[in-house]
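Please work through the exercises below with the sequence and the model open beside you, trying each task before reading its solution.

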Amino acid sequence: MNSDLVLYNTLSREKEVFKPIDPNVIGMYVCGPTVYGDAHLGHAKSYVSFDLIYRYLKHKFPRVKYVQNITDVGHLTDDADAGDDKIAKQSRLEKVDPMAIVEKYMHNYFRDMDALNVERADIYPRPSGHIPEQIENIESLIEKGFAYVMNGSVYFDVAQYDKNHHYGKLSGRSIEEMLEGAANRSLSSQSEKKNGFDFALWKKADESHLMQWNSPWGKGYPGWHIECTVMSQKYLGENFDIHGGGLENQFPHHECEIAQAEANTGKAFANYWLHNNMVTINGQKMGKSLGNGIFCAELFSGDNFQLERAYSPMTVRFFILQSHYRSTLDFSNDALEAASKGFDRLSKGLARLEQLKPSSESSINVSDFEKGLYAAMNDDFNSPIAISKLFDGLKMIAALEKGEAKVSADDLKHLKTVYHTFFFDILGLKLELDDRQSNDITEHLMQLILDFRAAAKAEKNYASADKIRDKLKEINIVVKDGKDGAEWSYE
RNA sequence: GGUCUCGUGGCCGAGUGGCUAGGCAGUGGUCUGCAAAACCAUCCACAGCGGUUCGAAUCCGCUCGAGACCUCCA
């Protein structure tokens, strides 16, 4: 339990022992969504993954300060130097203010993440609320010679930075390689920049641009990397523990964040970089152009042509956690169906655990069981292994039920604590209560029906007994005969 | 074209030099009037070809295939 947490650091491309700057408060920043559309499966995987990481860090350390941005400005739709702000584009489509788009999709984002039982971060900073900080930061970069002004825009001078730093250290690139690679591709509309790989810190806005602010360089809006550098450092300090995000943001976004921060402060930015992998659907990349995207809300309702049925939020969460955060995850009906059944069995196992009776002694080793779970989580948050251990534990529970194994009162309490800690607290799963609330009347009616059926069975009138069961099944009520009489539940 | 990652049984998905991953499905049982649930047992594997090694799915090389990034993207 006290063994070290090891995590895979993209910076070193190796697993490293996690050494916090201050063990009393861990600082973590994760790139959040740009809120111009509903949350999809990719968001679900990403934020469930970082929720797992957040929960486990909270479990191991006294406090974790978790910051996640909600991007409400600045990311363009196509070319790096032309095109339109995604949010502005959506606002024209929906014919409402850009900030109305932000409000709407931000609320939807939280709605879907809440359903997935993703815990809220401490702070959700938005770039539109940090314009002065971003301007200040850009001014500082200009002063230090790492940025230049061109026609009302400001660009980061990558070549200048690369003289004393390594631009590309996160994504394993070098400027030379990028130039070579770029030579084989057509480069367009980069006349304003000194070099093709320079990136914008501030963009001049023409009058038609919906979101713009005053700056020392005229009206404009911030570049698409500066927000994360500025907001992470504002809330976590110039040097902090963990920066997370999606793999596809490794380059250029995270690389640029590092360059901006380290040029300005002269010290290391984030110590550990964590990247989660992508989602595929039936083995295919999920993408707008392929038309195979699935929104979280569609998953929960089943309202998408690729879905055979609806899958509950916890089924989705469990499914995501059954693979490692650094692996790609393939969504398919078969895979979701398997996850649904597995989650159901594990959930029922938890209920069975509650019914166990202690003995005077134990023949099982709860500590070893617990150690296996911690070992899995300490190894770069390996939730699939942890879940497999929980399934292994089901065998132990079964043996205890059958009296083939014994457990002392203390050990039983311990075992329950371990299950609860991992199932609820760390994996962030919860039991899904049926929303068709039962009340006293249904309970009494059902008991009445089951009593009649029991009487029929006692008279070996199986035709009647089966008819009752079949008819109930038609209205989605399942009757199961057990040793101590029949039980019923909604299907 | 460049940089990087990956290829595991019917499906999903861990592991990573020698020891059963796990889930779902299948098969055979136990239980049950039957069914369901639960439990027990069990089949099916490491893309291909070379190399290193006492021993490789695991390391190295090549081939084939998939994906990410190089342009906004979780």
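## Exercise 1: helix α15

Helix α15 has 19 residues and reaches 27 Å from its first C-alpha to its last, close to the 27 Å expected at 1.5 Å a residue; the expected span is 1.5 Å times one less than the number of residues, and helices (H or I, at least four residues) and strands (E, at least two) are DSSP runs, numbered from the N terminus. This is a predicted model, in which local features need pLDDT of at least 70 and side-chain atom pairs count only at pLDDT 80 or more, while totals for chains, interfaces and linings use all residues. Residues are numbered from 1 along each chain as its sequence is written, chains are lettered from A and ligands numbered from 1 in the order in which they are written, and side-chain values use heavy atoms, with hydrogens and water left out.

**Task.** Find which residues of α15 are buried, and state what covers them.

**Solution.**
1. Apply the cut-offs: buried means under 20% relative accessible area, exposed over 50%, and partly exposed in between (1.4 Å probe, protein chains only).
2. The buried residues of α15 are then Met 446, Leu 450, Arg 453 and Ala 456. They cover an arc of only 110 degrees around the axis, which puts them on the same side of α15; the arc is that of the directions from the helix axis to the C-beta atoms.
3. As background, an α-helix has 3.6 residues a turn, so residues three or four places apart point the same way.
4. The cover over these buried residues includes α16 (462-474), β14 (477-482) and β15 (485-490), where contact means heavy atoms within 4.5 Å.

**Task.** Describe the face of α15 turned away from its buried side.

**Solution.**
1. That face carries the exposed residues Asp 440, Ile 441, His 444, Phe 452 and Ala 458.
2. Phe 452, which lies in helix α15 (residues 440-458), has a relative accessible area of 60% and is exposed.
3. Ile 441, Leu 445, Leu 448 and Phe 452 make a nonpolar surface patch of about 450 Å². Patches are made of residues with over 30% relative accessible area and no salt bridge, like charges being joined within 9 Å and nonpolar side chains (Val, Leu, Ile, Met, Phe, Trp, Tyr) within 5 Å; the areas come from the Shrake-Rupley method with a 1.4 Å probe, and for residues only the protein chains shown count as cover.
4. Just after α15, Lys 460 takes a positive phi of about 55 degrees.

## Exercise 2: salt bridges

**Task.** How many salt bridges does the structure hold, and which parts does the pair Glu 262 and Lys 169 tie together?

**Solution.**
1. Count each side-chain nitrogen of Lys or Arg within 4 Å of a carboxyl oxygen of Asp or Glu as a salt bridge; the structure holds 24 of them.
2. The side chains of Glu 262 and Lys 169 meet in one, at 2.9 Å from N to O. Glu 262 lies in helix α8 (residues 250-265) and Lys 169 in the loop between α5 (158-164) and α6 (175-183), so the pair ties together parts that are 93 residues apart in sequence.
3. Glu 262 is buried, with a relative accessible area of 8%, whereas Lys 169 is partly exposed, at 31%.

**Task.** Locate the partners of the salt bridge between Glu 401 and Arg 352.

**Solution.**
1. Their side chains meet at 2.9 Å, N to O.
2. Glu 401 belongs to helix α13 (residues 383-401) and Arg 352 to helix α11 (residues 333-355), so the pair ties together parts that are 49 residues apart in sequence.
3. Glu 401 is partly exposed at 40% relative accessibility, and Arg 352 is partly exposed at 27%.
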